[in-house]
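Visitor: Could you walk me through this one, starting with the terms you'll be using?

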Amino acid sequence: RQSTMPLFSTATESTGLPTDLPDSLEDAAEIAANACADFADAAGALVDFDTSAGDETYTLLKQSTEFMQNLVSKLSYRVVPGLMEERQSEMMKVATAKAELQALLNLPTEEQDAAKKDELIQILESGGRAADYEWKGPTIRVYFPDEGSAGNPNEAKVPPCVTFNSCGGVQMETVEKDLVVFFFCPKASESEYVEELLEKSESTSSNLKLTVFVNPQLVDMGVTGFGMAGRRLRERLLDGLVNTYYLRTLQWGALTRVWPQAFSVWQEDADEETGYKLIKALPYLPSNPEVEDIYDIANGNMAERKSGGPLDALGDFVNG
């Protein structure tokens, strides 16, 4: 019988401090990575990143792939022992090889050492890594929603500790060395695979520090419905997760949160130095209708409700 107990259990509170908006996509990824790293050892983390502002030209997976790549890389360098030192050593080798190659090329052609030149070029092309290099440390595992998207990432742009898999594919690799496990845009139709992979990781990976869900789409009313199955799925997989990072752009601003700070609603404002002004900070993730109400109240378009009744709460649930 399938368990109804949540796979994660956390009790965290907001500091109440508002969350600033990031300067760029890369800045957002670094902020998210640091929040996840600070949260590590606590439980499961949830990262929501949606900069579409309602534009459905691209899927959520496609428009957040670059963010995900940056997030995985930056978190890897924060939490994997020895990885940053190894990267710094490689960069030093590249810098030294570049200087030596330039000095060599400045010599007359007949005085240039061809073998040394080839050796220096090889160092530059390999990024400072030996030809027989193989990473033997902890693993950062990233699960994509299907085998097709798992084959798309550019592995050259992530650290050597990162490995890609698909949720529904045949799992041939060992997970004993997994330190962090990412689930990137997992779909409702793959929820059983996600649960199986989670249980396998938690029972096998003795050094597992953190599981991170990025833009999960596990509760799809077309698949799980509003009924008991959908509710239990949410309880098991999502209710125990903590939003370590949240960024969603809106037509008129943005909603963001960095753990353990508050969810913060920002409105575009040309008079502000940053281009945005804070209009509300909350200790919880507001529903979509509540966010619109916050905007309308801040701009004098409606009076603030003292408290919502049960029908208001039901309307907020149905409307998201």
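Guide: Buried means under 20% relative accessible area, exposed means over 50%, and partly exposed is in between (1.4 Å probe, protein chains only). This is a predicted model, where local features need pLDDT of at least 70 and side-chain atom pairs pLDDT 80 or more, while totals for chains, interfaces and linings use all residues. Residues are numbered from 1 along each chain as its sequence is written, and side-chain values use heavy atoms, with hydrogens and water left out.

Visitor: Is K277 buried, exposed or partly exposed?
Guide: K277 pairs with D269 in a salt bridge (a side-chain nitrogen of Lys or Arg within 4 Å of a carboxyl oxygen of Asp or Glu). The closest N and O atoms are 3.9 Å apart. D269, with a relative accessible area of 16%, is buried. K277 has 29% relative accessibility, so that residue is partly exposed.

Visitor: How many residues apart in sequence are the parts tied together by K74 and E26?
Guide: Their salt bridge has its closest N and O atoms 3.4 Å apart. Helices here (H or I, at least four residues) and strands (E, at least two) are DSSP runs, numbered from the N terminus. K74 sits in helix 3 (residues 65–79) and E26 in helix 1 (residues 25–39), so the parts tied together are 48 residues apart.

Visitor: And E100: which residue does its side chain meet in a salt bridge?
Guide: E100 is in helix 4 (residues 83–105), and its partner, 16 residues away, is in helix 5 (residues 114–125). At 34% relative accessibility, E100 is partly exposed. The bridge spans 3.7 Å, N to O, and the partner is K116.

Visitor: How are the planes of F144 and F184 arranged?
Guide: Rings of Phe, Tyr and Trp (its six-membered ring) pair if their centres lie within 6.5 Å; planes under 30 degrees apart are stacked, over 60 edge-to-face and the rest tilted. F144 in strand 2 (residues 139–144) and F184 in strand 4 (residues 178–184) are 40 residues apart, and both are buried. Their ring centres are 5.3 Å apart and their planes sit at 90°, so the pair is edge-to-face.

Visitor: Which residue lies over the face of Y133?
Guide: A charge sits over a ring if NZ of Lys or CZ of Arg is within 6 Å of the ring centre and within 35 degrees of the ring normal. Here the distance from the ring centre is 5.2 Å, and the residue is R129.

Visitor: One more: is N215 buried or exposed?
Guide: N215 is in the loop between strand 5 (210–214) and helix 8 (228–237). Not counting residues up to four places away in sequence, its contacts (heavy atoms within 4.5 Å) include V47, F49 and C185. Its relative accessibility is 2%, so N215 is buried.
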